[in-house]
Amino acid sequence: MSMVLRNGAHPSLIYLPRKEHFTFYDLRDAHGQYGAAALAEHADCLELHLEVFRFGPRAARALAADLEELKTLARARGKARIVGLTQPAGLAADERWFKFTRAFGFNGQRLYQSAELALD
């Protein structure tokens, strides 16, 4: 498996709230790091945040293998599903998200919006 545990969030995942609820990973293949992931466990699912830095056939194969390992982990923990989430910056949806998630077997795509109000 090319998911390597890391201490703290990769800079690409720094937007995540309540970082103490997540486990962070560097995603690697034979040519180095291709992405970063964050996992949070909920009663019925694993929450997955994924950032991919390098695209191509090698990275896609590595990601597919990592997702199979993640499915095995989720089933072993009694989870019914893996929920993939993204948070693009700005006000426009990332049109690639839907194609990307379908390519790896995710369905039921939805669009969520959020806003933050910093208190300090």
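**Exercise 1.** Determine which residue forms a salt bridge with Arg 28, and classify both partners by accessibility.

*Step 1.* A salt bridge requires a side-chain nitrogen of Lys or Arg within 4 Å of a carboxyl oxygen of Asp or Glu. Arg 28 forms one with Asp 26, and the closest N and O atoms are 3.9 Å apart.

*Step 2.* Relative accessible area is sorted into buried (under 20%), exposed (over 50%) and partly exposed (in between), with a 1.4 Å probe and protein chains only. Asp 26 is buried because its relative accessibility is 10%. Arg 28, with a relative accessible area of 34%, is partly exposed.

*Step 3.* The pair belongs to a network of salt bridges that links Arg 6, Asp 26 and Arg 28. The structure holds 8 salt bridges.

The model is predicted: local features need pLDDT of at least 70, side-chain atom pairs count only at pLDDT 80 or more, and totals for chains, interfaces and linings use all residues. Residues are numbered from 1 along each chain as its sequence is written, and side-chain values use heavy atoms, with hydrogens and water left out.

**Exercise 2.** State where Glu 41 and Arg 77 lie, and how many residues apart they are.

*Step 1.* A salt bridge joins the side chains of Glu 41 and Arg 77, at 3.0 Å from N to O.

*Step 2.* This pair links distant parts of the chain, 36 residues apart: Glu 41 is in strand E3, and Arg 77 is in the loop between helix H1 (57–76) and strand E5 (81–85). Such elements are DSSP runs numbered from the N terminus, with at least four residues for helices (H or I) and at least two for strands (E).

*Step 3.* Glu 41 counts as partly exposed because its relative accessibility is 44%. Arg 77 is also partly exposed, at 42%.

**Exercise 3.** Identify the residue whose side chain meets that of Asp 44 in a salt bridge.

*Step 1.* The partner is Arg 81, at 3.1 Å from N to O.

*Step 2.* Asp 44 lies in the loop between E3 and strand E4 (45–52), whereas Arg 81 lies in strand E5, 37 residues apart.

*Step 3.* Asp 44 is partly exposed, at 35%, and Arg 81 is partly exposed, at 44%.

**Exercise 4.** Is Arg 18 buried or exposed?

*Step 1.* Arg 18 is found in the loop between strand E1 (3–6) and strand E2 (23–29).

*Step 2.* With a relative accessible area of 54%, Arg 18 is exposed.
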